[in-house]
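Subject: Structure handover

Hello,

Here is the structure I promised to pass on. Please open it alongside this email, and read my notes below as you look around.

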Amino acid sequence: MSPIPPLTAAPPSAMHDSPGGHRSLRTLLVYYSRTGTTKKVAESLVYALTAPQAPDVEQLHDTKDRHGPIGFLRAVADAVGRKIVPIERPALHPANYDVVVIGTPVWADTMSSAVRAYLGEFGPTIRRAALFCTTASSGIEDTTAEMAQMIDGEVVASGGFRAKLVKRDEHIGLMDEFLDRIREAVDV
Ligand SMILES: Cc1cc2nc3c(=O)[nH]c(=O)nc-3n(C[C@H](O)[C@H](O)[C@H](O)COP(=O)(O)O)c2cc1C
């Protein structure tokens with residue numbers, strides 16, 4: 001059985017056509033963050049992408065307790081085992097967006113369990129994605145490559161940010177290329 005309660009996608013025409021007949025630009029940013037680093041990068045991306053239209057944002061929450069040393073060990077075990085854990089039902093369907101930006105912390109050189117659950121359910125419906133992760137040091141390429149495998153559409157950008165740099169706000173200067181690729185993808 002699916003770990004996520006069903007969510008209905010609106011027909012694309014209903015989501016993209018404004019009354020004036022212009023196609024609106026729509027970006028969804030989805031992320032999971034256990035201790036705030038990925039959330040900080042996500043917030044920087046939202047700030048940078050606000051013009052011409054602010055992205056919609058979905059923060060994922062899984063239903064397991066990830067606090068403290070036991071929570072950490074459980075998270076490692078779930079990540080290594082590539083377990084699909086239950087997550088709270090997302091409010092927004094990614095099929096309704098031109099570009100979906102997805103962020104995760106690296107857990108044991110792969111994605112967090114909540115993002116795995118999300119992509120397991122919605123990856124096949126995503127048309128264009130930009131992927132990012134935050135990490136202490138390792139796993140950037142492996143994590144984004146594994147995320148990409150779970151997405152049916154095109155991956156227009158992928159990258160990673162070290163937590164130490166994020167803490168010092170130094171990720172901001174590293175986001176330009178990632179942001180340019182998202183803007184180009186929204187523009188097509
Ligand atoms: C369960 C777990 C596993 C982790 N595994 C790795 C790892 O394999 N390599 C690494 O460099 N950092 C690892 N980290 C560190 C996180 O990737 C890093 O601190 C990340 O920025 C945390 O993001 P968050 O604050 O959004 O949760 C791990 C952290 C946790 C909690």
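Strand S5 (residues 128–135) is mostly covered, with 8 of its 8 residues buried. Buried means that 20 or more other C-beta atoms lie within 10 Å of the residue's own; exposed means 12 or fewer, and partly exposed is in between, with C-beta atoms placed from the backbone. Helices (H or I, at least four residues) and strands (E, at least two) are DSSP runs, numbered from the N terminus.

Two notes before you go on. This is a predicted model: local features need pLDDT of at least 70, side-chain atom pairs count only at pLDDT 80 or more, and totals for chains, interfaces and linings use all residues. Residues are numbered from 1 along each chain as its sequence is written.

Which way do the S5 residues point? Arg-128, Ala-130, Phe-132 and Thr-134 point one way, while Ala-129, Leu-131, Cys-133 and Thr-135 point the other way. All of them are buried. In a regular strand, side chains alternate between the two faces of the sheet.

S5 has pairing partners. Two strands pair if DSSP finds at least two bridges between them. S3 and S5 run parallel, joined by 6 bridges. Val-101 has Ala-130 in S5 as its bridge partner. S5 also pairs with strand S6 (residues 154–162), in the parallel sense, over 8 bridges. There, Thr-135 has Arg-162 in S6 as its bridge partner. From S5 the chain crosses through helix H5 (residues 140–149) to S6, in a right-handed β-α-β crossover. Right-handed means that, with the strands pointing away from the viewer, the path from the first strand over the helix to the second runs clockwise.

**Backbone details in the loops**

Look at Pro-52 next. A cis peptide bond joins Ala-51 to Pro-52, with omega about 0 degrees. Pro-52 lies in the loop between helix H2 (37–48) and strand S2 (56–59).

Asp-109 is not a glycine, yet its phi is positive, about 60 degrees. Asp-109 sits in the loop between strand S3 (99–107) and strand S4 (110–111). Is Asp-169 buried or exposed? Asp-169 counts as exposed, because it has 10 C-beta neighbours inside 10 Å. Asp-169 also has a positive phi, about 65 degrees, although it is not a glycine. Its place is in the loop between helix H6 (163–167) and helix H7 (176–187).

Best wishes
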